[in-house]
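Subject: Structure handover and findings

Dear colleague,

Please find below the structure that I am handing over to you.

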Amino acid sequence: MEIGLIYSSKDPKQAKTCDFVKRFVREHGILARIVESEQPVKVPTITLDGCTIVGSAQPNADGKGGVGKFPSTKEIAKALEKSIWCL
């Protein structure tokens, strides 16, 4: 499994989000390759095997991508757990 992280390292909140994902994967014993991409984004994006599970590229209710809200660590954990159990 591959988990992608797109985030801005200049934003401390986004860097903490990245650290949370890495720690979550390690603490839950998830066998995954984490691919980081530092870009000037307003909201971090987390992908699982190329599919966005959290972030700005996630489709809105109308099915179009847009700038999402900043995800909480609780929302990230829930999305990771749900996606991992669906594999």
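The notes below cover the conventions, the sheet, the core and the aromatic residues.

This is a predicted model, in which local features need pLDDT of at least 70 and side-chain atom pairs count only at pLDDT 80 or more, while totals for chains, interfaces and linings use all residues. Residues are numbered from 1 along each chain as its sequence is written, and side-chain values use heavy atoms, with hydrogens and water left out.

The sheet

Helices (H or I, at least four residues) and strands (E, at least two) are DSSP runs, numbered from the N terminus. Two strands are taken to pair if DSSP finds at least two bridges between them. On that basis there is an open sheet of four strands in the order 2-1-3-4, with mixed pairing. Strand 2 (33-38) and strand 4 are at the edges with a single partner strand each, so one side of each has no neighbour in the sheet. Direction ignored, neighbouring strands are turned by 25 degrees against each other on average. Axes here are lines fitted to C-alpha atoms, for helices over the stretch in contact, and angles run from 0 to 180 degrees between N-to-C directions. Helix 1 packs on the sheet, where it touches strand 1, strand 2 and strand 3, and its direction makes about 170 degrees with that of strand 1. Contact means heavy atoms within 4.5 Å.

Strand 1 and strand 3 run antiparallel and are joined by four bridges. Ile3 has Leu48 as its bridge partner in strand 3, and Gly4 stands opposite Thr47. Strand 3 also pairs with strand 4 in the antiparallel sense, over three bridges; there, Ile46 is partnered by Val54. These two strands form a hairpin with two residues between them, and Asp49 in the turn has a positive phi of about 50 degrees.

Strand 3 is covered on both faces, with Thr45 and Thr47 buried on one side and Ile46 and Leu48 buried on the other. Buried means under 20% relative accessible area, exposed over 50%, and partly exposed in between (1.4 Å probe, protein chains only). Thr47 counts as buried because its relative accessibility is 14%. Setting aside residues up to four places away in sequence, Thr47 touches Glu2, Ile3, Gly4, Thr52 and Ile53.

The nonpolar core

A nonpolar core is a set of buried Ala, Val, Leu, Ile, Met, Phe, Trp, Tyr and Cys residues joined through side-chain atoms within 4.5 Å. The largest one has 17 residues, of which Ile3, Val21, Ile46, Ile53, Ile76 and Leu80 touch the most other members. Two or more residues each come from strand 1 (2-7), helix 1 (12-27), strand 3 (45-48), strand 4 (51-54) and helix 2 (73-86). Helix 1 gives the largest share, five residues.

Aromatic residues

The whole structure holds one aromatic pair. Phe20 and Phe24 form this pair, which is tilted, at 6.0 Å centre to centre and 40 degrees between the planes. Rings of Phe, Tyr and Trp (its six-membered ring) pair if their centres lie within 6.5 Å; planes under 30 degrees apart count as stacked, over 60 as edge-to-face and the rest as tilted. Because Phe20 and Phe24 are four residues apart in helix 1, about one helical turn separates them. Phe20 is buried at 14% relative accessibility, and Phe24 is buried at 6%.

Yours sincerely
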